[in-house]
Structure formats: C-alpha cells, structure tokens
Amino acid sequence: MQVKWVSACFLSKTLKRNLLPLLLLSMLCSWQCLSVDLNPQDKASLLLIRSWIDDPNHAFSSWFGSDCTNWTGIACHNHTGRVISIDFTTMNLSGRVHPSMCKLAHLESLILSKNSLFGQVPACFGWLKNLRTLDLSHNKFHGVLPDSLMRLGQLRELILRGNQDLGGAVPSWLGNFSTGLEKLDLGFNSFHGEMPGSLFQSRSLKYLDFESNHLSGTIGEFSQPLVFLNLGSNLFSGTLPCYSAAARSLKVLNLANNSIVGGIPTCIASLAELTHLNLSLNHLNYAISPRLIFSEKLLVLDLSFNDLFGPLPAKIAATTEKSGLVLLDLSHNRFTGSIPLKMTELKSLQALFLSHNLLTGEIPARVGNLTYLQVIDLSHNALSGSIPLTIVGCFQLLALVLNNNNLSGEIQPELDALDSLKILDISNNRISGEIPLTLAGCKSLEVVDFGSNNLSGNINDAITKWLNLKYISLARNKFTGNLPSWLFSFQAIQMMDLSGNKFSGFIPDGNLNVSVDFNNASYNGTRLPLESLEIQISVVVVGINELTFSYQLPSTVGIDLSDNLLRGEIPDTMFGLRGLEYLNLSYNSLDGEIPNLEKMWSLRALDLSHNALSGEIPQNISNLQDLAVLNLSFNSFSGSVPKNESYKRFPGAFAGNPHLCLEGEGCDDDAKQLAIPGRPFRETDDEGPILAWVFCLSAVVSCYSSLMVLFCSSKTRRYIFHTKGSCCVCK
C-alpha cells in the first residue's frame with residue numbers, strides 16, 4: 001500500500017511539471033485548426049462582389065488577408081477553403097449582385113435577406129448546383145423568376161419573400177424542380193394567376209407561403225403532409241378543403257383575406273396538430289356546428305370578418321390546465337345570443353375578441369376566471385347589465401374595450417386592481433355616477449374613453465396619476481365644475497376631448513407647453529409622425545416567442561372643449577402650440593381677441609364659432625398652409641376680411657359676425673347685408689360667389705378608431721408571430 005502511494009505521488013508531480021507545455025500545445029493546435037485559408041479563386045470573386053455593393057455600415061471592412069474565418073458573412077470548407085456559405089442578413093447593403101457570385105461553385109447556402117439589393121434575380125444562380133438554401137427575402141429584386149433556377153436540384157429552401165416588384169405568373173416547374181424542396185416562401189410579392197398543379201403534389205414540401213400576392217383560382221387540397229400553409233391575402237375562392245393529407249402534420253393554416261365561401265366543415269377539427277388557424281376576412285357563413293371542437297393544441301383561432309351567424313359555440317376547443325386557446329377572435333360576424341359560460345373555461349386565453357356581433361345578455365361573472373387574459377373586446381354588441389366586479393380577477397388585463405353596448409351601472413372603485421391596464425374604453429353606454437378616486441391606481445393607462453355616457457361630477461385628481469395618458473375622452477356626459485389647473489399637464493397627451501358637458505369657468509393657461517405632441521412640429525411645418533400604441537404580449541409557444549397587438553390611436557393631435565359653459569379669454573399659450581392639428585372651442589361663452597396664429601404650423605381645423613370673440617380676424621390665418629377647416633362664425637368680430645384667394649378656402653366661416661365686412665366694401669348699411677347670420681358672404685366681382693357652407697367636424701374628429709389591431713389582416717389588424725428563425729406574419 002505504501003509503495004503504491006509513493007508511485008501515485010511521483011506520477012502526480014510529473015504531470016504538474018508537464019501540464020503547462022501540454023496546455024500551450026493544445027491551444028496552438030486549436031488556433032491552427034480554426035484558421036482556414038480562403039481559396040484564391042473564390043477570394044477574387046468575393047472582392048468583385050464587394051465592388052458592386054454599397055456598404056455604409058462597413059460590414060466588409062474585415063475582408064482582407066486569407067483567413068476565411070475573419071471574413072464577415074463568409075464560411076469556407078475546412079480543408080479546401082472553398083466558400084460554402086454566404087450570409088449577409090441585415091447588413092444594410094444596397095446595389096446589384098455581381099455575376100462573380102455565380103462562380104462560387106461550391107456554395108451551399110446563399111442568404112442575402114433584409115437588405116436593399118435590387119435588379120433582377122440573376123439567371124446565373126442556376127449554375128450553383130450545390131445550393132441548398134437560397135434566401136433573397138426583403139430586398140428590392142424585381143422581374144420574374146428565371147427558369148434557370150429549375151437546375152437547382154438539391155435546393156431545400158427557396159425564400160424570396162418581401163420583394164414587392166418580383167412576380168409574374170408562378171412558374172410551372174416550381175413544385176417539381178427539386179426532389180428535396182421543403183420550404184417555399186414567396187410571400188409579399190406580386191405573383192398572379194393560379195398555383196401550378198405541381199405544388200399540390202410536391203411530396204417533400206412542408207412549408208408553403210404565398211401570402212399577399214395576387215393569386216387566384218379555387219382553393220384546393222394538397223396531397224402532401226404540409227406543416228405550414230399560408231395563402232392569406234390573395235384572390236382565392238371556393239369552399240374550405242379538409243386538408244386530410246396533413247391531418248397529422250399541419251400546424252399553421254392561414255387562408256385569411258380571400259373569397260372563400262360556405263361553412264366551416266367539421267373535418268377541419270381533425271387537424272390534430274393545428275396550433276394556428278386564421279380564416280378571417282372571407283365570406284364564410286352558416287352557423288358553427290357544435291361538433292366543431294379543436295384539440296387542446298390549437299392556440300390561435302381567428303374567424304373574424306365573415307358572415308357567420310347563430311349562437312356562439314359553447315365549446316370550440318378542448319383545454320387542459322397547461323394548454324389551450326391563447327387567442328380567440330370571432331368579431332365582425334352576426335353571432336347572436338349570450339356569451340356562453342363554457343367560454344370562461346378557456347383558462348389559457350390571453351386575448352378574446354367578440355366585438356361587432358349581435359350579442360345580448362350580461363357579461364358572464366365567471367370572466368374573472370380567465371386569469372391570463374390580457375385583451376378583451378366586447379364592443380359593438382347589445383350587452384346589458386353592469387361591468388362585473390369579478391373582472392378584476394383578470395389581473396393581467398392590458399385592454400378592456402366595452403364601448404357601444406347597453407351597459408349601465410357605475411364604474412366600480414375596485415377596478416384599480418387592474419394596475420397594468422393601458423386601454424379602457426367604455427364609451428357609448430349608459431354608465432352613470434362619478435369617476436372613482438381609486439382609479440388613480442390604474443397608473444399604466446394610456447387610452448381612456450368614457451365618452452357618451454351619463455357620468456357626472458367634477459374631474460377629480462385621480463386622472464393626474466395616469467402619467468402615460470395619450471388619449472382621453474369624457475365627451476357627451478354630464479360633468480360639471482371648473483376645468484382643473486393640471487388639465488394639460490400630461491407629457492404624452494395626443495388627443496383630449498371634453499366636449500358636450502357643462503364645464504364652466506376659464507380655460508386653464510398652465511402646462512400647455514408640457515405635451516410633446518402639442519408642441520411637436522418640424523421647422524417646415526410638418527408634424528412628425530405619431531406611432532400607434534402597441535401592447536406586447538408574451539405567449540409560451542414552441543418556436544414562437546411573442547405576439548404583438550397594436551391599438552390604433554387617431555393621427556390627429558387635438559383639443560376639443562366645445563359645447564360647454566366656458567367663459568373668459570382663450571389663453572395666448574394655446575395659440576402657440578406648434579404641433580396642434582385640431583382645436584375646437586365652439587359653443588361656449590369665450591370672449592376677447594384672437595392673438596397671432598403664426599406659430600400654429602400644423603393646424604388643420606379651427607372652430608371658434610358660437611362664442612363672443614371680438615376684434616379683428618388675424619391677418620396671418622391665410623398663411624397656415626395645412627388649414628383645411630375654419631369656422632369663426634357667430635361671434636362679434638369686426639373689421640374687414642381680405643378678399644383674396646386664401647380666404648376663399650373657407651366659405652361661410654365668417655357668417656354671423658354683423659360688424660365684419662369684405663375688404664374694400666365698407667361697413668355701411670348696404671354692406672351689412674353681407675353678414676346677415678346664416679347667410680354667406682357675397683362678392684360683386686367676376687370671381688363668383690362664396691358658397692354657403694355648413695361646419696360639422698367636431699363629431700367626426702372627436703371619434704377615434706377603437707380597432708384592436710390583432711390577427712392577420714392587411715386592412716385593420718396585425719398579429720405577428722416572432723419566430724426564432726423568421727417573422728411569420730399573417731395578413
């Protein structure tokens with residue numbers, strides 16, 4: 001035992017003495033193995049390719065020397081040094097593809113996606129016989145697909161998505177030129193005509209995407225076990241197939257925005273692996289069969305914008321504790337009856353859209369069981385009763401949209417538990433009472449619409465806690481009292497509508513310089529574009545990380561305090577808001593004069609009618625280039641209005657001001673008839689009369705688009721699957 005111990009100790013000391021040289025030798029060998037000498041012929045071709053491409057981000061600055069591993073976007077064979085892969089994804093490159101790219105004979109993967117490369121798809125790409133992946137997506141290629149591509153017999157992936165001017169008829173060889181083709185993505189291009197029959201028979205094809213083209217013909221069956229099929233936003237017609245060959249493979253099926261007719265066959269529920277089904281924006285009709293029950297694997301179901309009728313399906317998908325529907329959209333149909341209680345058992349549901357139907361009854365109290373729910377839109381129905389208090393159980397709720405129903409009762413103070421809420425729209429109902437002070441707890445609110453209800457009382461300080469507020473409407477209610485001094489203190493505010501109430505006192509003159517949008521205009525008078533409010537929703541889906549919901553706000557930046565009991569002068573600071581596009585203070589008792597308007601570069605509509613304003617009309621109104629609507633009628637303005645072309649843009653805008661006359665025509669008794677209330681100005685020269693004109697913009701502009709932009713529609717909705725390898729958008 002002792003001898004063995006001594007031997008082990010001796011061996012250990014020997015290893016320690018030799019360990020450092022061994023490590024250094026290993027590192028040197030590893031470095032030499034990583035270095036690959038670039039083939040001189042391929043190097044010359046790459047340098048020619050670079051000469052035709054504009055590289056503002058200097059991605060090619062590493063292209064020197066002969067070590068292939070240092071060349072950005074290039075991969076070489078370890079032994080031969082021949083270029084086998086090119087990947088220029090998102091390098092901000094522009095220019096044409098040099099013909100020398102076709103001399104890289106050993107190329108197996110060519111990815112040029114998400115750049116600004118242009119020109120026709122090079123016909124010489126057909127020489128690259130070893131190519132397995134060709135990705136030219138999201139560039140500016142145009143023309144038709146060259147027939148030479150049919151020589152690429154080993155191609156597995158052909159991705160040409162997002163080249164808007166690339167199109168023509170779909171080549172007949174596209175489905176049979178390669179026996180190993182698995183992915184074909186030609187979405188968002190300009191292909192037209194019918195799909196060739198070879199695509200319906202291609203045995204190897206698993207992924208087919210022709211979204212947003214101009215393809216037509218009857219929607220057909222496929223004989224292969226597809227995994228992904230996206231034919232959305234085309235001109236396909238006919239009835240919905242069963243896709244029986246893909247019953248155990250198809251995961252994503254998008255046929256949205258076509259002209260498919262008939263009912264939804266129950267055989268669609270036999271697609272056992274289906275996770276995403278979008279049939280929106282078609283002409284589907286009939287009632288949904290109670291036998292149409294999808295598996296618990298279905299995550300997204302969108303049947304919106306069709307003509308489906310009858311009762312809502314009591315059970316449309318199986319569910320378990322860990323899986324089930326994440327998004328259900330049955331909006332914009334003709335469903336009737338009440339919301340079934342079974343729908344509240346979809347425990348995984350994160351977004352529920354039932355708007356624009358004919359639903360009646362009350363909102364189920366069990367809606368609070370949907371604890372993962374983040375967006376709920378029940379607007380434009382005939383729902384009655386009160387907003388159930390149990391809705392606070394949906395504690396992750398980001399958007400609560402209940403407008404245009406027959407809801408009554410009061411706003412419950414307990415709603416403050418929804419502290420993540422960004423959008424609260426209960427407009428056009430019969431809700432009464434006051435705004436609870438506890439709503440101060442909803443600190444994330446960005447869009448609030450309480451318009452057209454029976455709400456009353458003063459504006460309380462709870463609103464001051466909504467620091468991210470972008471849009472607020474309290475219009476057409478019964479609010480009273482003075483406008484608070486903090487009214488314009490929201491930095492992100494874009495639109496404020498308090499019209500049609502009984503607010504009194506003065507317009508507060510403080511904080512008008514706080515709003516970024518009210519004061520946001522470039523030096524040439526063009527307002528910078530506003531972004532729509534986006535809600536990010538994380539969904540646990542294999543291969544898909546995130547769903548993006550967009551709620552569209554109106555593009556108009558404005559203030560509407562019309563039809564109240566306001567008095568006093570209009571604050572001078574209000575006429576210095578460079579970003580303001582719409583200002584309506586009509587039907588009040590405001591007095592004083594209008595100051596200079598030269599700073600209101602973005603102004604498009606100004607209504608100060610039916611007040612007691614006096615003084616002269618500002619001479620520089622005609623210099624406001626974007627001003628399209630002007631109404632200063634029924635005030636006490638005096639002086640003269642210039643008789644020039646600029647003021648002819650606003651016929652009837654000055655009616656009802658008895659002391660206001662046309663320039664050069666004096667205000668004697670004969671001239672006063674030009675300003676008789678309700679009658680237009682009249683001109684005596686050869687340029688013709690200024691026609692009478694009715695001003696009615698307030699109701700239109702104060703209305704906003706409460707569309708929850710969500711799933712797969714090019715018109716109003718956007719629902720994006722952010723995948724690991726690509727972005728799969730259904731429209």
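The dialogue below explains how to read several features of this predicted model.

Q: Which order do the strands of the open sheet follow?

A: Strands of a sheet pair through backbone hydrogen bonds, either parallel or antiparallel. Here, an open sheet of nine strands runs in the order β30-β32-β34-β36-β40-β42-β44-β46-β47, and the pairing is parallel. β30 (432-433) and β47 (659-662) are at the edges with a single partner strand each, so one side of each has no neighbour in the sheet.

Q: How many bridges pair β34 with β36, and which residue stands opposite K502?

A: Strand β34 (residues 478-482) pairs with β36 in the parallel sense over three bridges. Within this pairing, K502 of β36 has T480 opposite. On to the next strand: β36 also pairs with strand β40 (residues 565-569), in the parallel sense and over two bridges. There, L565 in β40 is the bridge partner of S504. Further along the sheet, strand β44 (residues 612-615) and β46 run parallel and are joined by two bridges, with S636 of β46 as the bridge partner of S614.

Q: Which residues have the most contacts inside the largest nonpolar core?

A: That core has 175 residues, and I86, F125, F210 and F294 are those with the most contacts inside it. The elements giving two or more residues to this core are α2 (40-51), β2 (74-76), β3 (83-87), α3 (197-201) and β46 (636-641). A second, separate core has 16 residues, including A399, V401, Y471 and M495.

Q: Where is I463 placed, and is this residue buried or exposed?

A: I463 is in the loop between β32 (454-457) and β33 (471-473). Its relative accessibility is 2%, and it therefore counts as buried. Beyond residues up to four places away in sequence, I463 touches I435, L469, I472, W486 and F490. The C-alpha atoms of I463 and P436 are separated by 9.9 Å, although these residues are 27 residues apart along the chain.

Q: How many salt bridges does a search of the whole structure find, and which residues does one network join?

A: Side chains of opposite charge can pair when their charged atoms come close. The search of the whole structure finds nine salt bridges. In one of them, D209 pairs with R161, with the closest N and O atoms 2.8 Å apart. D209 lies in strand β13 (residues 207-209) and R161 in the loop between β9 (157-159) and β10 (165-169), so the pair ties together parts 48 residues apart in sequence. R161 also meets E211 in a salt bridge of 3.0 Å, N to O. E211 is buried, with a relative accessible area of 0%. Salt bridges that share partners join R161, D185, D209 and E211 into one network.

Q: Is E581 buried or exposed, and which residue is its salt-bridge partner?

A: E581 is buried, at a relative accessible area of 2%. The partner is R604, with the closest N and O atoms 3.1 Å apart. R604 is partly exposed, at 45%.

Notes:
Residues numbered from 1 in each chain as written. Predicted model: local features only at pLDDT ≥ 70, side-chain atom pairs only at ≥ 80, totals over all residues. Heavy atoms only, no water. Pairing = 2+ DSSP bridges. Helix = DSSP H or I, 4+ residues; strand = E, 2+ residues; numbered from the N terminus. Core = buried A, V, L, I, M, F, W, Y, C linked by side-chain atoms within 4.5 Å. Buried < 20%, exposed > 50% of the residue type's maximum accessible area, 1.4 Å probe, protein only. Contact = heavy atoms within 4.5 Å. Salt bridge = Lys/Arg side-chain N within 4 Å of Asp/Glu carboxyl O.
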